[in-house]
Amino acid sequence: MASIAVGLDLGKAQDFSALAVVERVEVLPVGWSPLAYSRALESLDRYRQAQDRHGWERTRQRLPELVAEWHVRHLQRWQIGTPYHSVVEDVGALMGSDALADAVLYVDGTGVGSGVMEMFAQAYQRGRLGRQWPVGVTITGGQAASGWNVPKRDLISAVQVPLQQGRLRIAAGLALGEVLERELTSFRMKLSASGHDTYDVQRREGEGHGDLTLALALATYCNTSGGFPEVVEASVTA
């Protein structure tokens, strides 16, 4: 899976549409450099090809435990009332850049209708949406995910957990960075008497209703992978 994911929250008539580009990075502990880690992986591959199980296991045990972080690289928002076809064109231009050519786009298709998702499919088929098929995600109020039907609580947890652990980082200088930070600090869960949970952001004049947070949640929730990571960085405290 690509280490970069793009989350897109499509706003309805009275809401903003918003997008977040998130890169998943595995951080090495102090004392390890990306070069040393890369050489260790090369040794693993040589032992595997030579069918040297003892050498492979010895080297594998020496590999450090990595810590996943999610780095917000880009934020974008469209004005209320922007036609969906304009959003598709703008997203296509972004996904067509070299930096995002292999990124995966995850679109909140909840309540917008199949016709809107078809616009993204057609853009991809015409070569205007990067190299990866766009994924439509339906946000539910359920308790468990089923395919790309994902409970909202799972999406929000995908942001809250790394945020609380200091593993969610917003790049300095992003035009909407402060707006996202305000959304994250004002996001609240409400539990009804029946046990149904809802999520809301305190709206400020001229700002959205959690659209950036939801775009971020889509990218963060979907941007996980197993095995060895594609992007490894040294610890910032090293």
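Analyst: Let us begin with Gln51, which counts as exposed because its relative accessibility is 73%; here buried means under 20% relative accessible area, exposed means over 50%, and partly exposed lies in between, with a 1.4 Å probe and protein chains only. Please keep in mind that this is a predicted model, in which local features need pLDDT of at least 70 and side-chain atom pairs count only at pLDDT 80 or more, while totals for chains, interfaces and linings use all residues. Residues are numbered from 1 along each chain as its sequence is written, and side-chain values use heavy atoms, with hydrogens and water left out.

User: Where does Gln51 lie, and what is its phi?

Analyst: Most residues other than glycine have a negative phi. Gln51, although it is not a glycine, has a positive phi of about 55 degrees, and it is found in the loop between helix H1 (34-49) and helix H2 (53-62). Helices (H or I, at least four residues) and strands (E, at least two) are DSSP runs, numbered from the N terminus.

User: How many helices and strands does the protein have, and what share of its residues is buried?

Analyst: The protein has seven helices and 10 strands, and 45% of its 238 residues count as buried. Among contacts (heavy atoms within 4.5 Å) between residues at least 6 apart in sequence, 70% join residues at least 24 apart.

User: How should I read a strand, and which residues of strand E2 point to each side?

Analyst: In a regular strand the side chains alternate between the two faces of the sheet. In E2 (17-27), Ser17, Leu19, Val21, Glu23, Val25 and Val27 are on one side and Ala18, Ala20, Val22, Arg24 and Glu26 are on the other, and all of them are buried.

User: Which strands are joined to E2 by bridges?

Analyst: Two strands pair if DSSP finds at least two bridges between them. Strand E1 (residues 4-9) is joined to E2 by six bridges, and these two run antiparallel; within this pairing, Leu8 has Leu19 as its bridge partner, and Gly7 has Ala20. E2 is also joined to E3 by 11 bridges, again antiparallel, with Glu69 in E3 as the bridge partner of Val25. E1 and E4, by contrast, run parallel and are joined by five bridges, and here Gly7 stands opposite Tyr106.

User: What makes up the largest nonpolar core?

Analyst: A nonpolar core is a set of buried Ala, Val, Leu, Ile, Met, Phe, Trp, Tyr and Cys residues joined through side-chain atoms within 4.5 Å. The largest one here has 30 residues, and among those with the most contacts inside it are Val72, Tyr106 and Leu216. The elements giving two or more residues to this core include strand E3 (67-78), strand E4 (104-108) and helix H7 (211-222), and H7 provides the largest share, eight residues. A second, separate core has 22 residues, including Ile4, Leu8, Leu10 and Met117.

User: How many aromatic pairs are there, and how are their rings arranged?

Analyst: Rings of Phe, Tyr and Trp (its six-membered ring) pair if their centres lie within 6.5 Å; planes under 30 degrees apart count as stacked, over 60 as edge-to-face and the rest as tilted. A search of the whole structure finds three aromatic pairs. One of them joins Trp32 and Tyr37, whose centres are 6.5 Å apart and whose planes stand at 75 degrees, so this pair is edge-to-face; Trp32 is partly exposed at 22% relative accessibility, whereas Tyr37 is buried at 4%. Tyr124 and Trp133 also form an edge-to-face pair, because their planes are at 75 degrees, with centres 5.0 Å apart. Tyr124, with a relative accessible area of 24%, is partly exposed, and Trp133 is partly exposed at 44%.

User: Which residue lies over the face of Phe16?

Analyst: A charge sits over a ring if NZ of Lys or CZ of Arg is within 6 Å of the ring centre and within 35 degrees of the ring normal. Arg77 lies over the face of Phe16, at 4.5 Å from the ring centre.
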